[in-house]
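I opened the notebook to look up helix ends, surface and charged pairs. Here is the model I worked from.

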Amino acid sequence: MRTKSRGSNMKVVPGSATTPVAGIAPAAEIRTPTASTTTSTSTLQSAVLQPAVAALRELPDIDHAKVSALKTALERGELPFDPAKLAALIERYHRSSR
């Protein structure tokens, strides 16, 4: 997901390239065990978890309705937003990753 800045507004552009986050593997790099490495326990877990995995795969990457609702609430002043606090959190995050 990439954001485009236009003045004070930011837009989330679905389907755009994402910026990697340190310590988190991109989805394309996550590997699942092959059938030859599964045991009877993992086969059972797989069968039990299969409906949940299928449901997760059907979910969109971004909940556009929720993003829209949050954006509207921010614009109306219904959600508190402290830009100084956000800046401090961003700075702290980047300092800790060095």
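I started at G77, which takes a positive phi of about 80° just after α2. Helices here are DSSP runs of H or I of at least four residues, strands are runs of E of at least two, and both are numbered from the N terminus. This is a predicted model: local features need pLDDT of at least 70, side-chain atom pairs count only at pLDDT 80 or more, and totals for chains, interfaces and linings use all residues. Residues are numbered from 1 along each chain as its sequence is written, and side-chain values use heavy atoms, with hydrogens and water left out.

**Fold.** I read the pattern along the sequence as β-β-α-α-α. That comes to three helices and two strands.

**Helix lengths.** I checked α2 next. It has 13 residues and reaches 18 Å from first to last C-alpha, close to the 18 Å expected at 1.5 Å a residue. The expected span is 1.5 Å times one less than the number of residues. Helix α3 covers residues 83–96; its 14 residues should span 20 Å, and its end C-alpha atoms are 20 Å apart, which agrees.

**Start of α3.** I looked for a cap and found D82 at the N-terminal end of α3. A side-chain oxygen of D82 lies 3.2 Å from the backbone nitrogen of A84.

**Charged pairs.** How many salt bridges does the structure hold? I found two. The cut-off is a side-chain nitrogen of Lys or Arg within 4 Å of a carboxyl oxygen of Asp or Glu. R76 pairs with E78, with the closest N and O atoms 3.9 Å apart. R76 counts as exposed because its relative accessibility is 60%. E78 counts as exposed too, at 53%. The scale is: buried under 20% relative accessible area, exposed over 50%, partly exposed in between (1.4 Å probe, protein chains only).

R95 pairs with E91, and here the closest N and O atoms are 2.5 Å apart. Both lie in helix α3, four residues apart, about one turn of the helix. R95 is exposed at 56%. E91 is partly exposed at 41%.

**Nonpolar patch.** I then listed the residues of a nonpolar surface patch: L70, L74, L79, F81, L86 and I90. Patch members have over 30% relative accessible area and no salt bridge; like charges are joined within 9 Å, nonpolar side chains (Val, Leu, Ile, Met, Phe, Trp, Tyr) within 5 Å. α2 (64–76) and α3 each supply at least two of its residues. I checked L86, which lies in helix α3. At 39% relative accessibility, L86 counts as partly exposed.

**Whole chain.** I closed with the totals. Buried residues make up 3% of the 98 residues. The chain exposes about 9,000 Å², and carbon and sulfur atoms supply 60% of that. Areas come from the Shrake-Rupley method with a 1.4 Å probe; for residues, only the protein chains shown count as cover.

Conventions: A polar contact is a pair of N or O atoms within 3.5 Å; within protein, one must be able to donate a hydrogen and the other to accept it, and residues adjacent in sequence count only if both atoms are side-chain atoms.
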